[in-house]
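Subject: A structure to look through

Hello,

I am passing on a structure for you to look through, and my notes on what was found follow below it. Please keep the view open while you read.

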Amino acid sequence: MKKTLVTALTATLLAALTACGGGSDSGSGTLRVGTLSDSKPNAYQENGNFTGFDNELLKAIAQKEGLKLEFVATDFSALLGQVANGTFDIGSSAISQTDARKKTVDFSAPYNYQSLGIEAKETAGITDENSLASKRIGVVQGTVSDTWLGTNAPTAQAVRFPNDAAALSALKTGAVDGAVFDQATAEDYAKNNPDAMLKVTKAITTTIPHGFAFKKGNNDLITKVNDGLKKVIADGTWVKVHDQFEATAPVPAEFKAGQ
């Protein structure tokens, strides 16, 4: 009797621990996706729904592969650590595949490329990286923008924020002189904040690919996502999603329909 009771209690405890462990919901097969709520046009929340280029592309991939997704907001500075420890099955937020990040997480095949925009008020006297010297420049901590600023404008004073919304607020109020965002995000902020007189003063194109992030060794899921990515490129879905969210950006040849 005691043995039976101990066995039952052990099973109950293990079930409880599994339920609290994060990552996939083993009962429903739903994958938890860590993303951002404020980074237009790549990853943001609108009317209670997570959308943006990266998230809509991932939804299309999931549909091709029969995957269920649950999107959860987090700060970019925490995202890769949360993917690495299994809190999230997938990270989706225009994540550049740098060598440093590849030590922490694995990535899908590339689905876009990183481009940056220097943004400032029209009266700030900021035109390019050379004009950032000694100025307070906002970046989101841990992003390529953060790394780029330290490398290309080492005398600028980097002011680091946990998310785009905080950096944008500081830029609008004059707490920082300028900021470096993803190019598409910077252009969106300039367009939708006319009273702030924001301008993208220089765009910087890189060859660093974006990828969805996964816990190291999660090869089965990576294979499924890569397979779905090939399908949405081949049937033109990639271009449709791109045109919806980043219509002014060129389409790299490898992402055009039929590839």
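A residue is called buried when its relative accessible area is under 20%, exposed when it is over 50%, and partly exposed in between (1.4 Å probe, protein chains only). This is a predicted model, in which local features need pLDDT of at least 70 and side-chain atom pairs count only at pLDDT 80 or more, while totals for chains, interfaces and linings use all residues. Residues are numbered from 1 along each chain as its sequence is written, and side-chain values use heavy atoms, with hydrogens and water left out.

Of its 259 residues, 46% are buried.

Helix 3, which spans residues 76–84, has Phe 76, Leu 79, Leu 80 and Val 83 among its residues, and these four are buried. They lie on the same side of helix 3, because they cover an arc of only 85° around the axis, the arc being that of the directions from the helix axis to the C-beta atoms. Among the elements that cover them are strand 1, strand 6 and helix 4. After helix 3 comes Gly 86, with a positive phi near 90°.

The whole structure holds seven salt bridges, each being a side-chain nitrogen of Lys or Arg within 4 Å of a carboxyl oxygen of Asp or Glu. In one of them, Lys 64 meets Asp 235 at 2.5 Å, N to O. This pair links distant parts of the chain, since Lys 64 is in helix 2 and Asp 235 is in the loop between helix 8 and helix 9, 171 residues apart. Lys 64 is partly exposed, at 38% relative accessibility, and Asp 235 is partly exposed as well, at 37%.

Glu 56 and Lys 59 form another salt bridge, with their closest N and O atoms 3.0 Å apart. Because these two are three residues apart in helix 2, about one helical turn separates Glu 56 from Lys 59.

Finally, Asp 146 in helix 5 counts as buried, with 10% relative accessibility. Its side chain makes a polar contact with that of Arg 160 at 3.0 Å, where a polar contact is a pair of N or O atoms within 3.5 Å, one able to donate a hydrogen and the other to accept it within protein, and residues adjacent in sequence count only if both atoms are side-chain atoms.

Best wishes

Methods:
Contact = heavy atoms within 4.5 Å.
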